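Good morning, and thank you for coming. I ask you to look at the sequence and the structure on the screen while I speak.

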Amino acid sequence: MAKLELENIYYRYSGANVDVLKDINATFEDGKIYAIVGPSGSGKTTLLSIMAGLDEPTGGSISLNDKNLSEIDLDQYRRDSLSMIFQAFQLFPLLTALENVCFPMEYKGIESSIAKEKGRQILSSLGIDEKKQGRYPAKLSGGEQQRVAIARTLATGAKIILADEPTGNLDGQNSEKIVEILRDLAHNDGFCIIVVTHDMDLANQSDVIWRIDDGVMAEI
């Protein structure tokens, strides 16, 4: 089970006089895909960073399965409970697709041969065949790179996935494929998927849509 709760979250940049986020309350549970939408500068990415434990809120609290993040080792939280997908893919350019996926497993001490077998299985399940698994990111299309990034996320074992504009650099066909993968992970594999996006096609296929406007978030 994975449940992430935000209670009365406020955030203000150091030296600023205005709150970027204002009294945000939300609950995110496994088995669903959530979309957070809103205009540029509304605080979407800031909120994602706070949920990832990369920034601390000015006020309020975040809890994972009813345990406050302030009581949790944040390095362990980001390593074991939560993983991120980025618009720019963030793959290691000098590692092959398979090596990128194996990296988080080997970092956690999983034997290389076991990591490679699991990595091959995950990549194959996302449509990256053995030939492409041996290619470097620059030799893959944008859609393929994003699928490798998703595979690397799955390899961590984390059940909460935060995605920052996962279709932002993709064409319509590849965007639809990524949305299909994310929905399948939520509905069939029990992941909690939280997506920040400007892509309303993606948002409209989510189970729950939240909108941030002027720092205030409401379900729509």
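I shall go through the aromatic rings, the cysteines, one glutamate and the pocket, in that order.

Please keep in mind that this is a predicted model.

I begin with the aromatic rings. A pair of such rings is described by two things, the distance of the centres and the angle of the planes. In this model there are 5 aromatic pairs. One of them joins Phe 28 and Tyr 34, with 5.0 Å from centre to centre and 80 degrees between the planes. Why is this pair called edge-to-face? The angle between the planes is 80 degrees, and edge-to-face applies to angles over 60 degrees. Both partners are buried: Phe 28 has a relative accessibility of 0%, and Tyr 34 has a relative accessible area of 3%. With Trp 210, these two residues form one aromatic cluster.

Two further rings have a charged side chain over the face. Lys 159 lies over Phe 191, at 3.9 Å from the ring centre. Arg 152 lies over Phe 92, and here the distance to the ring centre is 5.7 Å.

I turn now to the cysteines. How many disulfides does a search of the whole structure find? The search finds 0. As a reminder, a disulfide is a covalent bond between the sulfur atoms of two cysteines. Cys 102 counts as buried because its relative accessible area is 2%, and buried means under 20%. Cys 192 is likewise buried, at 0% relative accessibility.

Next, consider Glu 176, which is placed in helix α7, residues 172-189. Is this residue buried, partly exposed or exposed? Its relative accessibility is 38%, so Glu 176 counts as partly exposed; that class lies between 20% and 50%. The side chain of Glu 176 makes a polar contact of 3.4 Å with the side chain of Gln 205. Glu 144 is 32 residues from Glu 176 in sequence, and their C-alpha atoms are 13 Å apart in space.

Finally, I come to the largest pocket, which has a volume of about 580 Å³. Its lining has 19 residues, and those nearest the centre are Arg 78, Ser 83, Met 84, Pro 104 and Thr 156. Which element gives the most? It is β6, with 4 residues.

Thank you for your attention.

Technical notes. Residues numbered from 1 in each chain as written. Predicted model: local features only at pLDDT ≥ 70, side-chain atom pairs only at ≥ 80, totals over all residues. Heavy atoms only, no water. Helix = DSSP H or I, 4+ residues; strand = E, 2+ residues; numbered from the N terminus. Buried < 20%, exposed > 50% of the residue type's maximum accessible area, 1.4 Å probe, protein only. Polar contact = N/O pair within 3.5 Å; in protein donor to acceptor, adjacent residues only side chain to side chain. Disulfide = S-S within 2.5 Å. Phe/Tyr/Trp six-rings, centres within 6.5 Å; stacked < 30°, edge-to-face > 60°. Lys NZ or Arg CZ within 6 Å of the ring centre and 35° of its normal. 1 Å grid on protein atoms, 1.4 Å probe; cavity = no way out; pocket = protein on both sides within 12 Å on 5 of 7 lines; lining within 4 Å. Points joined across faces, edges and corners; volume = space filled by probe spheres on them.
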